[in-house]
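Trainee: I have a structure open and would like to talk it through. Can we take it one piece at a time?
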Amino acid sequence: MRIPEDKIEDVRAATDILSVVQGYVALKRRGQNYFGLCPFHSDTAPSFAVNPARQIFRCFGCGRGGNVFGFVMEVERISFVEAVRMLAERAGIELPAVSASERDTVSESEELVRANGMARDFFHKQLMESQSPGAIEARRYLAERGYGKTVIEHFLLGYAPDSWDSLVQFAKQAGLAPSILTQAGLLKEGKEKNRPYDAFRHRVMFPIRNLAGRVIAFGGRRLREEEEAKYINSPETAVYRKGRELFGLWEARQDIRTRDEAILVEGYTDCLSLVMAGVTITVASLGTALTEQQARLLKRFTDKVFILYDGDNAGLSAARRAIDVLIAAGAKPRVIVLPGTEDPDSFVRKNGGDAIWQLRETAFSPVDFQLHLAKRNQVPPADAARELVNTAVLIASPVEQDIFLREISARTAVSADALRRELSRVRVPGQIPEEKSARTTWPPKGTLTALTRVLVRRTDLRPVIFEKWSPQNIADAKLAELLNVLYEEWQSNAIKEPEKLLDRFPDSPLREFLAGCLYETEDEEDEERGLEIDRRTALDCLRGLEADGLRVEIAELKQKLVASPNEPQLLRELQNLMRREKNLRIHGQDI
Ligand SMILES: [Zn+2]
């Protein structure tokens, strides 16, 4: 499926990379760039940069880069065409419709997201409009808990009917292949083949959205108390991986960013109740223990995370674990401890949202929380101090780590020195592994790559270089592909802005290489000096390449001379070549 180039152009022109990226990452301005934590690797220092003037992004940590299409492709794990479509929709630009034959090329991810979206509409409509006894019961359940229309609409809650084939029938009418709903975990394969049935029955449905606001999974709460599982969730699919998403993050992300703080709860209903009470910075870890990925996801929006779990023992120990996970992700967690065995849902119901905002003011630091636990469980302070050293190990910054140790020392009367000695004894746990990939082995280091960088960046130097040199016999296929495009542009007198190249190579790693080239920090103060440096680099590279060529020829000639040592012609030729090679090396001649 091809989208006409001028349409792609339209979409790009109507889209600002900054506002798209800000939907996923909190960015702070520094000079001409905006920096934030990279969404693609476990980033602790902001190494992810967006340049609005050039409309490109680049991560100095993992090397990912590109334009707005590339960003959406990476972050949503979708194809180039899908990324263009998504941004077109966002910008209100109509693209040619997908024909039936082309539908095959739509990726599995896109199909799954579409199917989940249609199911969400179905469940939502059931909840809002259906007169079936089940739907009435669902509405009553939500009303009893105080969930009004606003919160239902906000989270697009739904109702899965008390039936084995409601969704099956809906899929039939909507022309949706049952197989894709089965893949999404919304239908289950029946005993007889081709007789799928509804996986969620008589449940309140909580759609889980990704950061693009699209539904990727559901949580379903039982309405029949005798039903075994209180909650069931969609299984893992190509678009939904357990422990990687936070319920409510899409809805809360703007407020979290502006207030620069977030509240983390465990369950759907805790999240709903807090948001309803005006605590609109709340996200839930979807009923599982907080994972590293979830902590990093949240850290992309704010450092300040308030853990608000149940007040019982299970809640307290879950909070203790969450502290470590958040600290390891580079966040600064604090814990709001609820009185008694209260849970966030019941507490906010009785006391309102203001009480939560107030409790947040007096939230426990990790050190205070540990001591609170120690007191509760009658553990000696020295043991608590040791526990805390295990947490201190997780702090990446030596300065922050030192501050943390001092706080332990001040609160437990164990000397900071002893704590430091203890710290050095504690084995440093394995760092969160970076996602390693082939991107580190390409491009090859060397002259040709350096020359290509200049060629990409400096359209004004391309004529100077190509008049002396043309890309021939390039061993690296990807560099050859790129260099040929650049050469053709020059030959046909059609040199385009370098940013445009990004669309020619939508698939990494060439795209990332290009973004890297465009992002190389130029001397912004002194444009002329930057140009001169690049010019010299280019000439050095050309000399280097020529010298490389000569050395190959010299080696070949030497081989020939071994075979026939008494050829004066060959010897003269060799001497000639060696002289040229030496001149190149010493004087930089021959250019
Ligand atoms: Zn990165």
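Mentor: Start with a definition: a helix here is a DSSP run of H or I with at least four residues, and helices are numbered from the N terminus. Also keep in mind that this is a predicted model.

Trainee: OK. Which helix is Arg-572 found in?
Mentor: Arg-572 belongs to helix α25, which covers residues 568-587.

Trainee: Is Arg-572 buried or exposed?
Mentor: Arg-572 counts as exposed, because it has 10 C-beta neighbours inside 10 Å. The cut-off for exposed is 12 or fewer.

Trainee: And how many Å apart in space are Arg-572 and Val-68?
Mentor: From C-alpha to C-alpha they are 58 Å apart, and in sequence they are separated by 504 residues.

Trainee: Switching to α19. How many of its residues are buried?
Mentor: Eight of the eleven residues in α19 (residues 447-457) are buried, so the helix is mostly covered. Among them are Leu-448, Leu-451 and Thr-452, and also Arg-453 and Arg-457.

Trainee: What do those buried residues pack against?
Mentor: The buried residues of α19 pack against α20 (462-468), α21 (477-491), α22 (501-504), α23 (510-519) and α24 (527-563).

Trainee: Next, α16 and α18. At what angle do they pack?
Mentor: Helix α16 (residues 381-392) and helix α18 (residues 416-425) pack at about 60°, and their axes are 9 Å apart. The two helices are therefore oblique to each other.

Trainee: Is the crossing left-handed or right-handed?
Mentor: The crossing of α16 past α18 is right-handed.

Trainee: Which residues meet there?
Mentor: From α16 there are Ala-385, Arg-386, Val-389 and Ala-392, and they meet Leu-419, Glu-422 and Leu-423 of α18. By class, this contact has five nonpolar residues, two charged ones and no polar ones.

Trainee: Now the whole chain. What domains is it divided into?
Mentor: The division gives domain 1 (5-104), domain 2 (107-233), domain 3 (254-425) and domain 4 (439-587).

Trainee: How far apart are domain 2 and domain 3?
Mentor: Their C-alpha centres lie 33 Å apart. The contact takes nine residues from domain 2 and six from domain 3.

Trainee: Which element gives the most on the domain 2 side?
Mentor: On the side of domain 2 that touches domain 3, α7 gives the most, with three residues. Both α7 (149-155) and β10 (215-222) supply at least two residues to that side.

Trainee: And what classes are the residues on that side?
Mentor: The side of domain 2 that touches domain 3 has five nonpolar, three polar and one charged residue.

Note on methods: Residues numbered from 1 in each chain as written. Predicted model: local features only at pLDDT ≥ 70, side-chain atom pairs only at ≥ 80, totals over all residues. Axes fitted to C-alpha atoms, helices over the stretch in contact; angles between N-to-C directions. Parallel < 35°, antiparallel > 145°, perpendicular 65-115°, else oblique. Left-handed = near helix turned anticlockwise from the far one by under 90°. Contact = placed C-beta atoms within 7 Å. Nonpolar A, V, L, I, M, F, W, Y, C, P; charged D, E, K, R; others polar. Domains from an automatic or database assignment. Buried ≥ 20, exposed ≤ 12 C-beta atoms within 10 Å, placed from the backbone.
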